[in-house]
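Subject: Structure handover

Hi,

Here is the structure I promised you. Please open it first, then read my notes below.

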Amino acid sequence: MAGSLAASAFFPGPGSSPAASARTSKSTTGELPENLSVRGIVAKPNPSPGVMQVKAQAQALPKVNGTKVNHKNVGANAEESIPYTTPKTFYNQLPDWSMLLAAVTTIFLAAEKQWTLLDWKPKRPDMLVDTFGFGRIIQDGLVFRQNFLIRSYEIGADRTASIEALMNHLQETALNHVKTAGLLGDGFGATPEMSKRNLIWVVSKIQLLVDKYPSWGDMVQVDTWVAGAGKNGMRRDWHVRDYNSGCTILRATSVWVMMNKQTRRLSKMPDAVRAEIGPYFNDRSAITDAQSEKLAKPGNNIDSDATKQFIRKGLTPRWGDLDVNQHVNNVKYIGWILESAPISILEKHELASMTLDYRKECGRDSVLQSITTVSDECADDHPGSNIQCDHLLQLESGADT
Amino acid sequence: MEVGCNHAQSVGFSTDGFATTTTMRKLGLIWVTNRMHIEIYKYPAWGDVVEIETWCQEDGRIGTRRDWILKDLANGEVIGRATSKWVMMNQNTRRLQRVSDEVRDEVFVHCPKTPRLAFPEENNGSLKKIPILSDPAQYSRLGLVPRRADLDMNQHVNNVTYIGWVLESIPQDIIDTHELQTITLDYRRECQHDDIVDSLTYIEEGEDKSMNGSASAAPHKEQQQQFLHCLRFAGSGDEINRGRTVWRKLAR
C-alpha cells in the first residue's frame with residue numbers, strides 16, 4: 001500500500017494502476033520528455049478589478065547553484081549537534097552562467113545599506129543574526145528558516161512577485177537547508193548514501209496555495225521541513241510569511257522520489273538513506289490532505305462545447321531555461337503553462353493555487369505545446385469568484401496526453 | 001538594475017520602479033537605456049556574496065550614465081564592471097527628449113561632482129562602436145517570441161531579456177567551452193508581446209590579427225572569441241538591438 005502511495009504520488013489519477021504508470025515512466029531513456037500534466041489551477045479575481053493582474057514571470061531567475069560553497073557554514077556539522085539530513089532534488093550544482101550573468105545585472109544590495117533602509121531587526125530570539133540572509137536551522141533542527149527580499153526583477157507587470165520568483169525561493173531554501181545540515185552529497189541534491197548508489201531526488205508533485213503576493217522591497221520569511229511520503233518518497237513543505245506582519249503569503253507541499261541517475265528509473269528508498277533522513281521527519285503539514293485533494297480534482301469537462309480550450313504551441317526551451325544537464329529547470333514549466341492561459345483570466349485574476357504533477361523530463365530540443373482548459377467558470381465577474389483551469393504541457397509530437 | 005533602482009528610490013525618486021524625478025513625471029518623461037556594456041572577470045558561485053557599487057552622472061548634454069563595480073565581498077576582488085547610457089523619452093509620444101536644466105538639477109544633485117568612470121582607461125571596450133551588420137549571418141535563431149514573463153510593467157520587453165535572445169544564436173560549441181566575458185548592447189527599438197524577433201550572430205575578426213606578429217597575439221586569438229549580434233523584427237527587418245560579445249575560453 002505504501003508502494004502504491006508513492007507511485008500514485010507520481011501519477012495521481014483515479015484508476016490508474018501504479019504498475020502500469022511506473023512502466024510508462026521508465027520508457028524514457030534519457031532527456032527527451034513527453035508529458036507534463038497539471039491539474040486544478042484555481043484563480044481568484046483581484047479584489048479591485050481595475051488593477052491588472054498579469055502573472056508575468058518578470059525576470060525571475062533561478063538561484064545560482066555553484067559547485068563551491070564559500071559560505072562559512074559549509075562545515076555545518078560542527079555548528080549543529082544533530083546531523084540533519086534533508087536531501088533534495090537533482091538540481092545540479094555547477095553554475096549555470098546564463099543565470100549568473102543575469103544575476104549579475106540584477107543585484108544583491110550591499111548588506112549594510114539595505115539594513116539601514118529597511119531598519120531591519122531580528123524579531124525572534126531563536127533566530128540568530130543572519131546578516132546575509134543565508135538562513136538558519138531552528139526549532140531543534142526540525143525547521144529551516146531563511147528570509148528573502150523581493151527584488152525588482154522578481155515582480156511581474158502587476159507589480160507583485162511572480163509565482164516563479166516565489167518558487168525559486170522554495171528551491172533555494174530547500175537546498176540551503178540540506179547544505180546547512182551538511183547533507184549535500186556530490187552536488188546533485190542527494191545524500192551521501194544516495195550518491196554512492198547513483199540516486200538523485202526528483203520532484204513528482206508540487207502543490208501551492210497563495211494567499212497574498214508580496215511586492216518589491218517586501219521581506220518574506222520561508223520555513224521549510226521534511227517528512228516521509230509513503231514508503232519510498234519524501235515530502236517537503238514550506239510556509240512563507242511576510243516578515244514584518246507575519247501574514248501568510250503561501251503554503252506549499254511537494255513530493256519527491258528517488259531516481260537512478262544512469263538508468264533514469266525510479267528506485268525504492270534504501271535502508272541506508274532512510275537511516276540518514278528518517279530522524280528529521282517533521283509531522284507538520286503545510287497543506288492538509290483534504291485541502292490537497294480538493295485542489296487536485298480535475299475540472300468538470302463534461303460538455304465540450306461549453307469548456308474553452310486554449311493552446312500555445314511551439315514552446316521551446318531557451319538557453320536560460322536549461323541547467324548544465326541540458327534539462328529544463330522545473331520552475332520554468334510554470335511559465336510555459338501560463339503562456340497558454342487566456343489573457344482575459346490573467347488580467348483580472350491572480351493565481352490562488354496550483355497543483356503540478358511532473359511526469360517526464362524535458363531537454364533542449366523538445367518542442368512543447370501548452371493546453372489550457374477552462375472549466376467551472378463563473379458567469380459574472382464579481383470579486384471572489386473562482387475559475388479553475390486544467391493544463392497540459394506535452395510534446396507537440398507526443399501521442400500521450 | 002536592482003541596485004540602480006534602489007539607489008534612485010533611496011534618494012527620493014519615484015518608487016514605481018521608474019526612478020523618475022518630479023519634473024519628469026510632470027512632463028511625462030521616463031528613462032530608457034541606450035547602451036549597456038558589462039564585463040565579468042570572474043563569475044560568482046552559489047553562496048557567494050557580491051557587493052555592487054553604483055553611481056550616476058551627466059553624459060554630455062543628452063543624457064546620463066550609470067556605472068557599476070562588482071566585487072567579491074569576501075576578498076574585495078573586482079569581479080566585474082559595467083556602464084550604461086540613458087536618455088529620456090516621452091512616455092506618450094515615445095520620442096527621445098533632451099535633458100532640461102530643471103531635470104538635470106534634480107537628478108545630478110545626487111551624483112558625484114567629480115567625474116568617475118567604471119572604465120577610466122583609454123580606448124576601453126565600452127567605447128567601441130558596433131558596426132551595421134550585413135547579411136548573411138553565420139548563425140541565427142529565428143522566430144523568437146516574447147513570453148509574458150519577459151514583459152515589464154509597461155508591457156515592453158525587459159532589456160535583460162534581450163541578452164538572452166542575443167545569446168540564443170551563439171553556436172553550442174562556443175557555449176560549451178567558453179564563458180561570456182563582455183557584452184555590449186545598443187538598444188534601438190522597443191519590442192512588445194506580439195512581435196517576432198530574429199537573432200543573428202556574426203563572427204568578428206579580432207583586430208589584433210593585423211598587429212605585429214608578436215607572440216602575445218597568437219595565444220590571445222585562441223583564448224577569445226568575438227561576435228557581433230543583431231536582433232531584429234522578423235517581418236520588417238528593423239533593428240531592435242545591436243551587440244558585441246567576447247567569450248573567454250574555459251580552462252576545463
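Start with helix α3 of chain B. The elements that cover its buried residues include α2 (22-27), β1 (29-40), β2 (50-59), β3 (63-72) and β4, each of chain B. Keep in mind that this is a predicted model.

Which residues of α3(B) are buried? They are B:Val103, B:Arg104, B:Val107 and B:Phe108. Viewed down the axis of α3(B), the buried residues fall within an arc of 110°, so they line one face of the helix. The general rule behind this is simple. An α-helix has 3.6 residues a turn, so residues three or four places apart point the same way. On the other side of α3(B), B:Glu102 and B:Asp105 are exposed.

Next, the salt bridges. Over all chains, the structure holds 18 of them. The general point is that side chains of opposite charge can pair when their charged atoms come close.

**B:Arg81 and B:Glu121.** These two form a salt bridge, with 2.9 Å between the closest N and O atoms. B:Arg81 sits in strand β4 (residues 78-90) of chain B, while B:Glu121 sits in the loop between α3 (101-108) and β6 (139-144) of chain B, so the pair ties together parts that are 40 residues apart in sequence. B:Glu121 is partly exposed, with a relative accessible area of 35%.

**B:Arg188 and B:Glu239.** Here the closest N and O atoms of the salt bridge are 3.8 Å apart. B:Arg188 belongs to the loop between β7 (178-187) and β8 (197-203) of chain B, and B:Glu239 to strand β10 (residues 239-249) of chain B, so this pair ties together parts that are 51 residues apart in sequence. B:Arg188 counts as partly exposed, at 42% relative accessibility. B:Glu239 is buried, with a relative accessible area of 16%.

**B:Arg65 and B:Asp67.** Their side chains meet in a salt bridge, at 3.4 Å from N to O. Both residues, B:Arg65 and B:Asp67, are buried. What else are they linked to? A network of salt bridges links B:Asp59, B:Arg65, B:Asp67 and B:Lys85.

To look at these yourself, begin with the buried face of α3(B), where B:Val103 and B:Phe108 are among the buried residues. Then go to the network that includes B:Asp59 and B:Lys85.

Best wishes

Conventions:
Residues are numbered from 1 along each chain as its sequence is written. Chains are lettered from A and ligands numbered from 1 in the order in which they are written. This is a predicted model: local features need pLDDT of at least 70, side-chain atom pairs count only at pLDDT 80 or more; totals for chains, interfaces and linings use all residues. Side-chain values use heavy atoms; hydrogens and water are left out. A salt bridge is a side-chain nitrogen of Lys or Arg within 4 Å of a carboxyl oxygen of Asp or Glu. Buried means under 20% relative accessible area, exposed over 50%, partly exposed in between (1.4 Å probe, protein chains only). Helices (H or I, at least four residues) and strands (E, at least two) are DSSP runs, numbered from the N terminus. The arc is that of the directions from the helix axis to the C-beta atoms. Contact means heavy atoms within 4.5 Å.
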